[in-house]
Amino acid sequence: MNTSQRETVIVGGGQAGLALSYYLKQGGREHVVLERAPAVANAWRNQRWDSFTLVTPNFQVRMPGAEYEGNDPYGFMPLADVVKYFDDYVQHFDLPVHCSVEAHSVEKTREGYLVRASEGTYEAENVVIATGLYQAPKIPKLNEHLPEEILQIHSMNYKNPSSLPAGVVLVVGTGQSGAQIAEELYQSGRKVYLSVGSAGRVPRRFRGRDINDWFTRIGLFDTKVEELKSPHDKFAYHPQISGKNGGHSLNLHQFARDGVVLLGHVRDAREGKLILAPDLHETLEKVDQFEIDALQKINDYIDRTGLRVSVDGGRERLPVVDTDGYPIQKRGVTRFDGLYFLGMPWLYNRKSGILFGVGEDAAYLAEHIAARSTARVPIALSA
């Protein structure tokens, strides 16, 4: 296969890869983006349900060079608009994205890196892994013990209530996806059982503002990774909340009042039966406490600031991940010159993995790449 040379190869054409591509393009840096799917933003395009909307307000859509400037900053972009946003982004900035190209391996060489891909091989000074954290569905082993006649489907493959066969539905997990899907199912008339997980809850609005507006003001999105109490906190679930129908709160207690049967954690499956943990009430207390703690932080901020608000060479396997499988890096920069990660939560702060913050991390990596380049005289990046 052909071998091409690029200063930088970006693996992944999602929001992270595109944000970095923007900055490199603005700085005149030679690069290519490899995306294994037929089009960019594949997770948004093909792994969301039909009624999906962003749960972050539109004002937090801040891809570099295309920050939201519409007339609905506190609205929630529907799925079709999200996909169009990324398609327009690539076209407007003429980003060098190669779709339907899969990167098979990255090898360290004396001069840099060798990227073997389905369309050929690239020799590069820099490689940025921008594929994000959620690349494959996490399916518990207990699924092997369920009868074959029971349809099992991951949230990334769920589309709408009518796409499921008739009958009772069990939703396992109450993160943002699980809670929103459970709500849609029971509101469509389906009987729903819901295995409650450890994700917390926050209200959509509090004291006259959207909750994410408050979180932005109190600096929650700027929390640094080194400020976390435990490295495992990087994998904490996002709280239950929805952007559907203009945005609203999700509350498991209301789900129960509406007829959803709440259950404890699913422990195992034997002989066609699920084994449940007797921890429902304990888990619900933690979910409730999460909201109490979050709102207390906001109230403390209001009191502190006095705001007036309403009351309401040869092949080498590189050791680039830790024991949790998370990249070993500092703000996306690994200890291997020219190897980077981008688009994952907690690379630098809480917003590293979402549209609200990926641009900042991309700008940082673009400057880092420009500074270390041996191919050209460094060029100042435009913001």
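A residue is called buried here when its relative accessible area is under 20%, exposed when that area is over 50%, and partly exposed in between (1.4 Å probe, protein chains only). Helices (H or I, at least four residues) and strands (E, at least two) are DSSP runs, numbered from the N terminus. By these terms strand 6 is mostly covered, with nine of its ten residues buried. The model is a predicted one, in which local features need pLDDT of at least 70 and side-chain atom pairs count only at pLDDT 80 or more, while totals for chains, interfaces and linings use all residues. Residues are numbered from 1 along each chain as its sequence is written, and side-chain values use heavy atoms, with hydrogens and water left out.

Two strands are taken to pair if DSSP finds at least two bridges between them. Strand 1 (residues 3-11) runs parallel to strand 6, and eight bridges connect the two; within this pairing, Arg6 has Ala124 of strand 6 as its bridge partner. Strand 14 (residues 339-341) is also parallel to strand 6, through three bridges, and here Val128 stands opposite Tyr340. Strand 5 (residues 113-117), by contrast, is antiparallel to strand 6 and is joined to it by five bridges. A hairpin of two residues leads from strand 5 to strand 6, and Leu114 has Glu123 of strand 6 as its bridge partner.

Strand 6 covers residues 120-129, among them Ile129. Ile129 counts as buried because its relative accessibility is 19%. With contact meaning heavy atoms within 4.5 Å, Ile129 touches Val11, Val106, Leu339, Tyr340, Phe341 and Leu342, not counting residues up to four places away in sequence. Gly17 is 112 residues from Ile129 in sequence, yet their C-alpha atoms are 8.2 Å apart in space.

The interior can be described next. A nonpolar core is a set of buried Ala, Val, Leu, Ile, Met, Phe, Trp, Tyr and Cys residues joined through side-chain atoms within 4.5 Å. The largest such core has 59 residues, and those with the most contacts inside it are Leu18, Leu20, Met63, Phe86 and Val128. The elements giving two or more residues to this core include helix 1 (15-26), strand 7 (169-172) and helix 7 (280-305). Helix 3 gives the most, with eight residues. Leaving aside neighbours within four places in sequence, Phe86 is in contact with Gln15, Leu18, Val40, Ala41, Trp44, Met63 and Leu355. A second, separate core of 21 residues includes Val32, Tyr113, Val320 and Phe336.

Aromatic rings form a further set of links. Rings of Phe, Tyr and Trp (its six-membered ring) pair if their centres lie within 6.5 Å, and planes under 30 degrees apart count as stacked, over 60 as edge-to-face and the rest as tilted. This rule gives 14 aromatic pairs. Phe235 and Tyr326 form an edge-to-face pair, because their ring centres are 5.7 Å apart and their planes lie at 90 degrees. Phe235 is partly exposed, at 31% relative accessible area, whereas Tyr326 is buried, at 1%. Ring pairs also link Tyr22, Tyr23, Trp44, Trp49, Phe52, Tyr85, Phe86, Tyr89 and Phe93 into a cluster.

Charges meet rings as well. A charge sits over a ring if NZ of Lys or CZ of Arg is within 6 Å of the ring centre and within 35 degrees of the ring normal. Lys351 lies over the face of Phe356, 4.8 Å from the ring centre.
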